[in-house]
Amino acid sequence: MRMTLHTLHRMAQEGGRIAMLTCYDASFAALLDEAGVDCLLIGDSLGMVLQGHDSTLPVTMRDVAYHTACVARGSKRAFIIADMPFGSFQVGPAATFHNAAELMAAGAQMVKVEGGQPMVETIEYLTDRGVPVCGHLGLTPQSVHQLGGYRVQARGESEAKWLLAEAKMLEKAGAGMIVLEAIPAALARDVTRSLEIPTIGIGAGVDCSGQVLVLYDMLDIYPGKKAKFVKNFMHSAGSVQGAVEAFVKEVKARTFPGPEHSF
């Protein structure tokens, strides 16, 4: 039986931890399902790990829709979230709904958009029309040039207060989940405690409602430089399946991420 957003909310409210990995094809979708991964994210990270680009910016709607359909065909259990690529959700609420509907038709159960206050109106528009939305705050890779690189965000007091305020704005607008990327662990803890919806951390400490990594990073396949928050789960595993199972186990037990993976 497939996971639902209601199931994930209940899991988080009861103190359970949500294990999420990126996924781009049917074969890995089936393997991740079998290993107990709760959520599969068709990330725009596919632009880097599959297509060989140096950022996520070249990824298109056609790319994400194609890979979403592949994952949906391979998965039977996990909740499926699709990234909205750069330029597909900064175009006004009505046009964004048209793009989100394409990803939902391909098999997504939720779409993910990056950004805070500027996305409030769009999130309200989508959720009012039946499209579940996952927000994304902190390091937002599609804004990498504006941010000046892949750097930790909201280290200062004023920036931390603003990020917390934006998280509350997204929740009020109807977001059903929020990814927190590359922010101080203490801030992520405060955000998580302030919201009713689940938070999914990536480089945001152990106190989020769940954790996500790029599949090709945690399997040590991607040849590029790894971020501090990445752990190589293949190092001590005998198989890909074993590595994914270890990730799920450590997320559920709150032993990953450790202090060495946090800011």
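Residues 24 or more positions apart supply 64% of the contacts in the protein chain, counted among pairs with a separation of 6 or more. The model is a predicted one, and its secondary structure comprises eleven helices and eight strands.

**Overall dimensions and surface**

The radius of gyration of the protein chain is 17 Å, which agrees with the value near 18 Å that a compact globule of 263 residues would have. Along the principal axes, the C-alpha atoms occupy a box of roughly 45 × 40 × 40 Å. Buried residues make up 55% of the 263 in the protein chain.

| Residue | Location | Relative accessibility |
|---|---|---|
| Asn99 | helix H5 (residues 93-106) | 13% |
| Val214 | loop between strand E8 (210-213) and helix H10 (215-218) | 15% |
| Ser262 | segment after helix H11 (240-253) | 10% |

Asn99 counts as buried because its relative accessibility of 13% falls under the 20% cut-off. Asn99 belongs to helix H5, and its contacts, once neighbours within four places in sequence are set aside, are with Met61, Met84, Ser88 and Val91.

Val214 occupies the loop that joins strand E8 to helix H10. At 15% relative accessibility, Val214 is likewise under 20% and therefore counts as buried. With residues up to four places away in sequence excluded, Val214 touches Thr22, Tyr24, Ser45 and Val49. Val214 also stands twelve residues from Ile202 in sequence, with a C-alpha to C-alpha distance of 9.3 Å.

Ser262 is placed in the segment that follows helix H11. Its relative accessibility is 10%, so Ser262 counts as buried. A polar atom of the Ser262 side chain lies 3.1 Å from the backbone oxygen of Gly258. Beyond neighbours within four places in sequence, Ser262 is in contact with Ala185, Gly205, Lys228 and Pro257.

Methods: Residues numbered from 1 in each chain as written. Predicted model: local features only at pLDDT ≥ 70, side-chain atom pairs only at ≥ 80, totals over all residues. Heavy atoms only, no water. Helix = DSSP H or I, 4+ residues; strand = E, 2+ residues; numbered from the N terminus. Rg over C-alpha atoms; globule rule 2.2 N^0.38 Å. Buried < 20%, exposed > 50% of the residue type's maximum accessible area, 1.4 Å probe, protein only. Contact = heavy atoms within 4.5 Å. Polar contact = N/O pair within 3.5 Å; in protein donor to acceptor, adjacent residues only side chain to side chain.
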